[in-house]
Structure formats: structure tokens, C-alpha cells
Amino acid sequence: MLRFKSCAALLVAAVLAGCALEPARPVLPRAPAFDLVGRVAVTHDGRPFSSGVRWQHAAERDEIWLLTPLGQTVAHIVDSADGAVITGSDRRQYRARDVEALTHRALGWELPVARLAWWVRGEIAADGVIAGVERDAQGRLFLLKQDGWDITYAYRSQDGPDRLPRQLDLKSESQTIRLVIDNWQ
């Protein structure tokens, strides 16, 4: 009887411990690596935000710097398999498993990093639900509706061979994001 009680207690403890764990992050396909510099403007619930942006996207990690006009870091965002971290200009750190939820909590607006890594290259996110696609005469994305976002694209030239966008306008139910890309590396 004692053996049964200790096994039952162990099972209950294991179940309760499992309930306390955060759910595992889903493994999503990663977009090819890039490094960009530009500007971002966000409106969320009527509140505006704008800054410079530098984004290094690699196979295992994203690093995004939100910058003042003079180049000082307002926020540094790191997203990797270990989770997401935002470090503010005051050096305070915020952590979470999910970068979208973390940006919403720390900045007041969601930055859809995993999907945006595809969208910013003029591509459809590999794992998303597509509600609509429109392409221009060169076959480049002009309008994409995916995962609750409407994304409108602008390119450097109307007729040119450039495949990478110079501007994206993203709109969801609660926010708009304009990303202007000044330089690709």
C-alpha cells in the first residue's frame, strides 16, 4: 500500500509540474539570412511609435535594434531557440518564449518577427494561412493577406528587376506598421 501511495504522489507531482511549464515554441521554417537597415513607424491603438531599425536575420537567431535618429539604441531584441529577450535603453531586460508576445508586452505593439522575415524579402511565410495574393507585372508580391495581416509592397522601380521590396505597409486589426528599407546586405 505504501508503494502505491508513493507512486501516486509521484505521478500527481509530475502532472502538476508539467502544468507549470510553458508550452514549447513551435518550430517554424526559417527565412534565408539577411541584414537590413531602415526605418519603422507603428500605430497601435492610436499611439504612434517610430525609429530607425537594423535587423540581422540568421539561421538560428534574429537581432533587431530600434534606434533614435542619432543612432542610439532604444530597444535591442534577440529571438533564438532559447526564447526572446528585449533590452531597453535603461538596460532592463524582458524575457519570454515568444517574441511576438514579448514585443507586445514590452513595447505595446506586436512585431511579427517570424513571418516578417519572409514578408520583408517579398515572400510568403512558409507556414502561414494565406487569405489573398496579388502580384505586379514582374511577378513580385504587391498585396499579401496572411495570418490576419494585410501587407502592401513597394519596390524601388516599377519596371526594374529588383526583387527585394523597399517598403512594406502591414495592417492588422489593432495596428499598422510601415517598414522602409534603406539598405540590404
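Biologist: How many cavities of 30 Å³ or more are there?

Modeller: The count is 1, with a cavity being a set of points on a 1 Å grid over the protein atoms alone where a 1.4 Å probe fits but cannot get out. This is a predicted model, where local features need pLDDT of at least 70 and side-chain atom pairs 80 or more, while totals for chains, interfaces and linings use all residues. Residues are numbered from 1 along each chain as its sequence is written, and side-chain values use heavy atoms, without hydrogens and water.

Biologist: What volume does the largest cavity have?

Modeller: About 80 Å³, taken as the space filled by probe spheres set on the points, which are joined across faces, edges and corners.

Biologist: And which residues line it?

Modeller: Among them are V40, W55, W109 and I177; lining means an atom within 4 Å of a point.

Biologist: Switching to rings: how is F34 placed against W55?

Modeller: They form an edge-to-face aromatic pair, 4.9 Å centre to centre with 75° between the planes. Pairing needs ring centres within 6.5 Å (six-membered ring for Trp), and edge-to-face means planes over 60 degrees apart.

Biologist: Why does that pair tie together separate parts?

Modeller: Because F34 lies in strand β1 and W55 in strand β2, 21 residues apart in sequence; strands are DSSP runs of E, at least two residues, numbered from the N terminus.

Biologist: Are they buried or exposed?

Modeller: Both F34 and W55 are buried, meaning under 20% relative accessible area with a 1.4 Å probe, protein chains only.

Conventions
Phe/Tyr/Trp six-rings, centres within 6.5 Å; stacked < 30°, edge-to-face > 60°. Helix = DSSP H or I, 4+ residues; strand = E, 2+ residues; numbered from the N terminus. Buried < 20%, exposed > 50% of the residue type's maximum accessible area, 1.4 Å probe, protein only. 1 Å grid on protein atoms, 1.4 Å probe; cavity = no way out; pocket = protein on both sides within 12 Å on 5 of 7 lines; lining within 4 Å.
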